[in-house]
Amino acid sequence: MKIQKLIAGLVLVFAIMFMVHENKSDLTGKIQDYSGQGILFSTLEVYKMGVENQFVYKVFTGLNGEFELPNLIPGEYKLVIKSPGFEDRVQIVRLNGKDRDLGAIQLDGNVITLSPAIIYGKV
């Protein structure tokens with residue numbers, strides 16, 4: 001009798017853990033420049049869409065421009081991607097309880113190049 005209660009309790013605990021994990025999604029991807037190189041330390045701000053956009057996460061990309069946003073509840077999210085020297089980008093993402101890989105997100109450059117300058121000085 002005690003063993004049956006123990007087994008029933010374990011089944012219930014595993015079912016609850018499975019249901020809780022089932023309702024969460026991991027969102028991954030990579031931020032790249034126009035040549036396909038990953039952009040280090042790009043900022044991703046994540047907002048849950050709704051009546052008011054609710055701030056959820058702020059993360060930075062890794063060495064290869066890769067990012068991971070774990071444990072997001074299903075729904076619609078707005079990603080605001082920022083990186084110095086590039087135009088900001090806004091992307092809307094819909095999650096349905098499954099992990100999702102956005103793949104490569106390419107940022108457009110907004111870089112101004114200057115001509116070389118020679119500076120002279122007197123002692």
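Analyst: Buried means under 20% relative accessible area, exposed over 50%, and partly exposed in between, with a 1.4 Å probe and protein chains only as cover. This is a predicted model, in which local features need pLDDT of at least 70 and side-chain atom pairs count only at pLDDT 80 or more, while totals for chains, interfaces and linings use all residues. Residues are numbered from 1 along each chain as its sequence is written, and side-chain values use heavy atoms, with hydrogens and water left out.

User: Why is F55 called partly exposed?

Analyst: The relative accessible area of F55 is 47%.

User: What makes the pair of Y47 and F55 edge-to-face?

Analyst: Rings of Phe, Tyr and Trp (its six-membered ring) pair if their centres lie within 6.5 Å; planes under 30 degrees apart count as stacked, over 60 as edge-to-face and the rest as tilted. The search of the whole structure finds one aromatic pair. In this pair, Y47 and F55 are 5.6 Å apart centre to centre, with 65 degrees between the planes. The distance meets the 6.5 Å limit and the angle is over 60 degrees, so the pair is edge-to-face.

User: How do you know that the charged end of K78 sits over the ring of Y47?

Analyst: The distance from the charged end of K78 to the centre of the Y47 ring is 5.6 Å. A charge sits over a ring if NZ of Lys or CZ of Arg is within 6 Å of the ring centre and within 35 degrees of the ring normal.

User: How many helices and strands does the protein have, and in what pattern?

Analyst: The protein has one helix and seven strands, in the pattern α-β-β-β-β-β-β-β along the sequence. Helices (H or I, at least four residues) and strands (E, at least two) are DSSP runs, numbered from the N terminus.

User: Which residues touch the most other members of the largest nonpolar core?

Analyst: They are L27, I31, F67, L69, L79 and L102, in a core of 18 residues. Strands 1 (25–32), 2 (43–48), 4 (66–72), 5 (75–82), 6 (89–95) and 7 (100–106) each supply at least two residues of this core. A nonpolar core is a set of buried Ala, Val, Leu, Ile, Met, Phe, Trp, Tyr and Cys residues joined through side-chain atoms within 4.5 Å. Not counting residues up to four places away in sequence, L69 touches S25, D26, L27, V46, Y57, V59 and L79; contact here means heavy atoms within 4.5 Å.

User: Why is T61 called buried?

Analyst: T61 has 2% relative accessibility, so T61 falls under the 20% limit and counts as buried. T61 is found in the loop between strand 3 (54–60) and strand 4. Beyond its neighbours within four places in sequence, T61 is in contact with I31, I39, L40, F41, S42, L44, E66 and F67. A polar atom of the T61 side chain lies 3.1 Å from the backbone nitrogen of F41 and 2.8 Å from that of S42.

User: Why is F41 called exposed, and what is its phi?

Analyst: F41, at 54% relative accessibility, is over the 50% limit and therefore counts as exposed. F41 is in the loop between strand 1 and strand 2 and has a positive phi of about 60 degrees although it is not a glycine. Most residues other than glycine have a negative phi. N71, in strand 4, also has a positive phi of about 60 degrees without being a glycine.

User: How do you know that the side chains of D101 and T28 make a polar contact?

Analyst: A polar contact is a pair of N or O atoms within 3.5 Å; within protein, one must be able to donate a hydrogen and the other to accept it, and residues adjacent in sequence count only if both atoms are side-chain atoms. The side chains of D101 and T28 are in polar contact at 3.4 Å, so the distance meets the limit. A polar atom of the D101 side chain also lies 3.0 Å from the backbone nitrogen of G103. D101 lies in strand 7, and its relative accessible area of 55% makes D101 exposed.
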